[in-house]
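Subject: The structure, plus some notes

Hello,

Here is the structure for you to open alongside this email.

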Amino acid sequence: MHLSRFPRLRFAHLPTPLEPMKRLSEALGGPTIWIKRDDCTGLAGGGNKTRKLEFLMADALEQGADTIITQGATQTNHGRQTAAIAAKCGLECHILLEDRTASEDPDYVLNGNVMLDQLFGASLSKYPGGTDMNAAMEDVAATLRAEGKKPYIIPGGGSNAIGALGYANCALELVNQANDMGLRIDHLVHATGSAGTQAGLVTGLVATNSQIPLLGVGVRVPQPQQEGNVFKLAEKTCDLLGISGAVKREDVRANCDYVGDGYGIPAESTMEAIEMFARYEGILLDPVYSGKGAAGLIDLIRKGEFKDCDNIVFLHTGGAQALPGYRDAFDFESYC
């Protein structure tokens, strides 16, 4: 798996740290929990989309693009990171925001990632929940082409085979770190949504014969749909890498029991996980992805799904920049 065959920009802060979470491990009284800090990738505050964008933006520039189009939910972490790298590369950026929660909270619709998108100079447009966002991006691209521009469309979450290369590379990085530390990784757990992170990871883990089981904790759709989406993208990623068929259907596992009332709506377990990571480890999670991923990890440990002697790595996908958009989700007393 020779990733240098593919165009890539290098702006992420890599390798990201791999650290033990001693106080959280003690509090849960089970296996030893480690954290892979992909909230520390550097771009616009960090997050998992940065790894994908190294490959996607290189492809955009190679194709002569002068404008980037992408989409996501209102508080999209992917949009924030895309807007930032587009600014750094001197490209226009158009972000189509889908209203998946119907929230009218001013903090949610104006603060957090939305404010940062605007700070980076992105053009924002709002679409109702359930809109065919891929078709909407194509419409915007057609308009821009008619104006003489050269748009490049990045799918939601940066999740296509090119973007997934970023997480195939992350798998290599993680295995190398573990080898250097003498750390046997028994399980790797992370939040999974648009499928690109999990598809890239499972491709890299299988290609290196790491024998590390990977579990994605779903944040949006039911388990069969999530696993199907990940496997389909993993197949495309394997094809791109020249290792067709390497990932088998049984390699793709997702647990979607922690979605709660829907995408972008934090459940009680989400809020508990966010507060536990903050108060035991000083680590900030987000209410959409990493918070739900951590909620799944915590609950599965409590249920005895892992052995006490296991080493579990939680991949932190970032997203704390969205927290100001969810102020009302925290039941904090006023200090005034």
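Below is what I found, starting with the whole chain and ending with one residue.

This is a predicted model, in which local features need pLDDT of at least 70, side-chain atom pairs count only at pLDDT 80 or more, and totals for chains, interfaces and linings use all residues. Residues are numbered from 1 along each chain as its sequence is written, and side-chain values use heavy atoms, leaving out hydrogens and water.

The protein chain has 11 helices and 10 strands (DSSP runs numbered from the N terminus: H or I of at least four residues for helices, E of at least two for strands). Buried residues, meaning those under 20% relative accessible area with a 1.4 Å probe and protein chains only, make up 57% of the 336 residues. Among contacts (heavy atoms within 4.5 Å) between residues at least 6 apart in sequence, 80% join residues at least 24 apart.

Now to Gln75, which sits in the loop between strand S3 (67-73) and helix H3 (77-89). Gln75 counts as buried because its relative accessibility is 4%. A polar atom of the Gln75 side chain lies 2.7 Å from the backbone oxygen of Tyr108, and for the backbone oxygen of Asn111 the distance to a polar atom of that side chain is 2.9 Å. Leaving aside neighbours within four places in sequence, the residues in contact with Gln75 include Tyr108, Asn111, Ala322 and Tyr326.

Best wishes

Note on methods:
Buried means under 20% relative accessible area, exposed over 50%, partly exposed in between (1.4 Å probe, protein chains only). A polar contact is a pair of N or O atoms within 3.5 Å; within protein, one must be able to donate a hydrogen and the other to accept it, and residues adjacent in sequence count only if both atoms are side-chain atoms.
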